[in-house]
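The following questions and answers examine one protein model by way of its sequence and its coordinates. Please consult both while reading.

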Amino acid sequence: MSVTQIQRRIAQLQRQLLALGPLHPGSISEQYNVCGQLACHCKDPKISQKHGPYYQLSFTWQGKSSTRFLRAEQVEPMRQKVANYRRLRELMGEWVSLAVERERAERARAKQQDGD
Ligand SMILES: [Zn+2]
């Protein structure tokens, strides 16, 4: 890729980053629980019908791990936020790769000019 192409792609990534909506790190998991009631179906080993699913969000940020339970109506918006965060990481990763490539391309060009 030429420096111009790299610059164009970086500008495109910057626009995509600006267009990202709400985001949140982490992943969502489903939990099935057994309750405290003695005769509940959730303890029957034959049917094994536990309560749930309950959704929880787990994430680590600045060295601290957290888990948050999500209400049913929070699950889909949180899935979108988690997807946006993943997208942010992808876009940033590509930007950094391009920055490294651009540096290399510029050095190679400068070296070529020195040789002339
Ligand atoms: Zn139960």
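Q: Which residue in S3 is the bridge partner of Trp61?

A: This is a predicted model in which local features need pLDDT of at least 70 and side-chain atom pairs count only at pLDDT 80 or more, while totals for chains, interfaces and linings use all residues. Residues are numbered from 1 along each chain as its sequence is written, and side-chain values use heavy atoms, with hydrogens and water left out. Strands (E, at least two residues) and helices (H or I, at least four residues) are DSSP runs numbered from the N terminus, and two strands pair if DSSP finds at least two bridges between them. S2 and S3 pair in the antiparallel sense over seven bridges, and the partner of Trp61 in S3 is Lys64.

Q: Which residue in the turn of the hairpin formed by S2 and S3 has a positive phi?

A: The hairpin of S2 and S3 has two residues between its strands. Most residues other than glycine have a negative phi. The residue with a positive phi of about 50° is not a glycine, and its place is in the loop between S2 and S3. That residue is Gln62.

Q: Is Gln62 buried or exposed?

A: Buried means under 20% relative accessible area, exposed means over 50%, and partly exposed lies in between (1.4 Å probe, protein chains only). Gln62 has a relative accessibility of 72%, so the residue counts as exposed.

Q: What is the order of the strands in the open sheet?

A: The sheet has three strands with antiparallel pairing. Its edge strands, each pairing on one side only, are strand S1 (27–33) and strand S3 (64–70). Neighbouring strands are turned by 30° against each other on average, direction ignored; the axes are lines fitted to C-alpha atoms, for helices over the stretch in contact, and angles run from 0 to 180 degrees between N-to-C directions. The order is S1-S2-S3.

Q: Which residue in S2 stands opposite Gln31?

A: Six bridges join S1 to strand S2 (residues 51–61), and the two run antiparallel. Asn33 stands opposite His51 in S2. The residue opposite Gln31 is Tyr54.

Q: What is the relative accessible area of Gln56?

A: Gln56 is found in strand S2 and stands opposite Phe69 in S3. Not counting residues up to four places away in sequence, Gln56 touches Ser27, Ile28, Ser29, Gln31, Thr67, Arg68, Phe69 and Leu70, where contact means heavy atoms within 4.5 Å. Gln56 is buried, with a relative accessible area of 13%.

Q: Within what arc do the buried residues of H1 fall?

A: The buried residues of H1 are Val3, Ile6, Ile10, Leu13 and Leu17. On the other side of H1, Arg8, Arg15 and Leu18 are exposed. The arc is that of the directions from the helix axis to the C-beta atoms. Seen down the axis, the buried residues line one face of the helix, because they fall within an arc of 80°.

Q: How far apart in space are Ala110 and Tyr85, C-alpha to C-alpha?

A: Ala110 lies in helix H2 and, at 35% relative accessibility, counts as partly exposed. Ala110 and Tyr85 are 25 residues apart in sequence. Their C-alpha to C-alpha separation in space is 37 Å.
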